[in-house]
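Thanks, everyone, for making the time this morning.

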Amino acid sequence: MYLKVQLPWNVIIPAENLDAKGLMLQRSIIVRLMENFATRKATKDLGYFLAVTTLESIGEGRVRQHTGDVLFPVVFSCITFKLFRGEILEGVVHKVLKHGVFLRCGPVENIYLSYLKMPDYRYVPGENPVFLSDKLSKIEKEVVIRFIVIGTKWLEVEREFQALVSLEGDYLGPISQSKLYKEAEKLNFDAAIRENKTSVALVGRDNHGRVVLT
């Protein structure tokens, strides 16, 4: 789910943004790192980039010929999010179809639960279609579901993951409404931040998925 990793990165500062004062230069490097961080989005090995927690080091700048821009090698720690086969997670239903539902878990939007992988549930059509079990348990939009991941696929062009999940197992299925899930998800992310060396994230994402300086 959440991974803590340390990465080397090259940050290029335009000549007009250079400043002799150390704090101003450091801030320029952090802001540019944020921009690069947002553009990268995700990788196959590490998953989705969520937050930079610590700027570990800034190397000596090297002036680029012809432009005068300066390249700074940096090392930073960050938190990423990745789905693993066999992992049990929770997600919110955001689309209900005849043959299954799509869920959202963290930054992953394309998580598919087939009707073949939800035993004892049957499709009930209507204006707000649902899957209903023999025990009257409902799977519908905005419901939180606990599931097990049975497969993932990395899409290089879109730079995102798809996943197939199942409800076949103990204690899997609908658990709550999405409002409670969002509160729990925030607590989980905050805990992941606190477990790192620092309690303050230098970089995070706002409600629209944009990376921001905190």
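By a salt bridge I mean a side-chain nitrogen of Lys or Arg within 4 Å of a carboxyl oxygen of Asp or Glu. With that in hand, the side chains of Arg104 and Glu109 form a salt bridge, with a distance of 3.0 Å from N to O. Before going further, please keep in mind that this is a predicted model, in which local features need pLDDT of at least 70 and side-chain atom pairs count only at pLDDT 80 or more, whereas totals for chains, interfaces and linings use all residues. Residues are numbered from 1 along each chain as its sequence is written, and side-chain values use heavy atoms, with hydrogens and water left out.

On confidence, pLDDT is the predictor's confidence in each residue, from 0 to 100, and its mean over the chain is 83, with 79% of the residues reaching 70 or more. Helices (H or I, at least four residues) and strands (E, at least two) are DSSP runs numbered from the N terminus, and the chain has two helices and 16 strands.

For burial, I call a residue buried under 20% relative accessible area, exposed over 50%, and partly exposed in between, using a 1.4 Å probe and protein chains only. Of the 214 residues in the chain, 40% are buried.

Returning to the charged pairs, the count of salt bridges comes to seven. In the pair I began with, Arg104 is partly exposed at 28%, and Glu109 is likewise partly exposed at 37%. Glu35 and Arg32 meet in another salt bridge, at 2.9 Å from N to O; they are three residues apart in helix α1 (residues 22–40), and are therefore separated by about one helical turn. Arg122 also forms a salt bridge, with Asp134, where the closest N and O atoms are 3.9 Å apart. Since Arg122 lies in strand β9 (residues 121–124) and Asp134 in the loop between β10 (130–133) and β11 (138–139), this pair ties together parts that are twelve residues apart in sequence. Here Arg122 is partly exposed at 45%, while Asp134 is exposed at 60%.

Now, how many aromatic pairs does a search of the whole structure find? The search finds nine, where rings of Phe, Tyr and Trp (its six-membered ring) pair if their centres lie within 6.5 Å, and planes under 30 degrees apart count as stacked, over 60 as edge-to-face and the rest as tilted. Trp9 and Phe76 form a tilted pair, 5.2 Å centre to centre with 35° between the planes. Because Trp9 lies in strand β1 (residues 2–13) and Phe76 in strand β5 (residues 70–81), the pair ties together parts that are 67 residues apart in sequence. Trp9 is buried at 13%, and Phe76 is buried at 0%. Phe37 and Phe76 have ring centres 6.3 Å apart and planes at 70°, so this pair is edge-to-face. Finally, Trp9, Phe37, Phe49 and Phe76 form one aromatic cluster.
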